[in-house]
Amino acid sequence: MSRRSFLLGTSAALAGAAAVPGVVHASSSRTARLRPGGSSWLADAILYELYPQSFADTDGDGIGDLAGVLERLDYLDWLGVDTVWMNPIFPSPLTDAGYDISDYTGVHPRYGTADDVVAVVEAARRRGIRILFDLVAGHSSDQHPWFLRSLEDETDHRYIWASPEQLPGDGSLPEEFVASPGPRPGAFYMNYYETQPAINYGYARSNPDEPWRQPVDAEGPRRNREAMREIMDHWLSMGISGFRCDMAATLVKDDPGWVETGKLWGEFRSWLETHHPGAVMVSEWGDPATSVPAGFHGDFYLPVNGPGDGAPWRSLWRDDPYFSASGTGTASTFVRAWSEATDTIGGAGVTMMPIANHDSATRLNDGVRAAEEFPAAWTFLLTWPFVPTLYYGEEIGMRAVPGLPDVEGSQGRQNNRTPMQWDDGPNAGFSDAPADKLYLPIDPDPARPTVAAQIGDPDSLLHLVRRLIRLRKHHPELGVGSDVRVLTDGYPLTYVRGDRFLVTVNPSRDAVTVDVPDERIEHAHRVEGRGVRIGGRGLAVDGFGYAILDLGR
Ligand code: NOJ
């Protein structure tokens, strides 16, 4: 039983059809089906990624903190998000903004204490909001006691070490290896930056040329699996609801088809089901068709990995994207990839889509797209059957700010990590610190959007996002568990959800028309939208127009 089966290539009756390649139809089967997400609450989630450094600072040090998150929970509740993923808040030398952890079960003092975590989790729970933390399993900081110990002890295999005898005689180092700072001789394998030694989960296969390779069930890899379970147990016992799993595809090295990596995550998933039922693991993988069968409840589309190395995400948001006034993109790359992935994973998990994240170095407001382009994108994000993932500040149209200094190893990713813009007060209401002490400067644009201004304006983007979230929550037809039937995937992208709601979005600046082969269109009722008119069996959609129409049941 397939949850959604797609027939590709049938031409729809639509005006201007010649300009619309790859028209896709889906069955609107109403048969009973497995609940997506393996029965998890995740399928109904509206996820909000919050960059703790930049969200809200209460102690005046210029850096966001847990007390700031606590203070702003009412805002998140008002907005309608019900799941918050926080980037790492753990002790760290901050060479990669906290993705270089030196204590997995501690809290970096700049964010607060373990008591603050409990306070946030409990206050969030009272509002119906779940909290996810990052699980950075693939590497630690080079300042982590595990790594410091391995520097002292040549029999320690918590990390991947090559001894001097195993290294090339000419003094060169194999790719990804870093010379030991001593006293241990040799070199260690790094995962991302040199300050992030890879934790050893073994190799999927041996190679006589690389004698340092250990099997996945060697003592070091086994101890590391146990350590990760202890870390998960620690935070889940404090009330968090799961983890976003960093670089999830990379744990076992040289692993064609991710067979051993999948077994590893599958083992974590079984452990979770037994010890913390209800907790979720979502992956930074970028290929749901691989990661969900490996054990994840959900996976994000990313600028990299998976079919076409990030093509589904990039074709929407970057690189001549579909969401662009020029109208030269296509949604078909995404629609095809998504439908294939969804057919593969069936009811076992969900796909997840961010417009931006802390690595994407873009926002919807990228300095090229104009504000009038945003509503169509949001309408799509909140009506497609993936888990919509909001990156903080996107809901008010914050800008990716050019020309900022590198901070904590951001290396070009700082442009969308700037402080949340709450109001017109000093530092946009983010912090009382002197401006030069802020984590990153506030967007200097005097017309920068703020939460306060947009709350006061019912026509604002923020109110639109809030209404769309409410619509989605109110109508299961708009959620992950309902069918999507795509009528056109050019301009406008037009689809029917749950055989009831017709959604059309036209991110291009040019007016377009579309025929709708459904007699209910003549009497459809608009529940949201702008610039869309019904005429007979079709729609006229203005440039940047968007609408959700209720066709009736
Ligand atoms: C992925 C994280 O999202 C990114 O911010 C980090 O730099 C790398 N993993 C390394 O941990």
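Asp 309 sits in the loop that links strand E11 (298-300) to helix H8 (311-317). Helices here are DSSP runs of H or I with at least four residues, strands are E runs of at least two, and both are numbered from the N terminus. Most residues other than glycine have a negative phi, and most peptide bonds are trans. Asp 309 isn't a glycine, yet its phi is positive, at about 45°.

Before going on: this is a predicted model, where local features need pLDDT of at least 70, side-chain atom pairs count only at pLDDT 80 or more, and totals for chains, interfaces and linings use all residues. Residues are numbered from 1 along each chain as its sequence is written, and side-chain values use heavy atoms, with hydrogens and water left out.

## Two cis prolines

Now look at the peptide bonds. The one from Gly 182 to Pro 183 is cis, with omega near 0°, and Pro 183 lies in the loop between strands E7 (177-179) and E8 (187-189). The bond from Tyr 491 to Pro 492 is also cis, with omega near 5°. You'll find Pro 492 in the loop between strands E14 (484-488) and E15 (493-497).

## Around the ligand

The ligand has 13 residues around it, and the closest are Asp 96, Asp 246, His 358, Asp 359 and Arg 413.

Which side chain has an N or O atom 2.4 Å from a ligand oxygen? That's Asp 359. For Arg 413, the distance from a side-chain N or O atom to a ligand oxygen is 2.9 Å. Taken alone, the ligand exposes 290 Å², and the protein buries 98% of that (areas by the Shrake-Rupley method with a 1.4 Å probe).

## Two helices crossing

Helix H5 (residues 219-237) passes helix H6 (residues 259-275) in a right-handed crossing, with the near helix turned clockwise from the far one by less than a right angle.

Definitions and conventions. A residue is near a molecule or strand if one of its heavy atoms lies within 4 Å of it. A polar contact is a pair of N or O atoms within 3.5 Å; within protein, one must be able to donate a hydrogen and the other to accept it, and residues adjacent in sequence count only if both atoms are side-chain atoms. Axes are lines fitted to C-alpha atoms, for helices over the stretch in contact, and angles run from 0 to 180 degrees between N-to-C directions.
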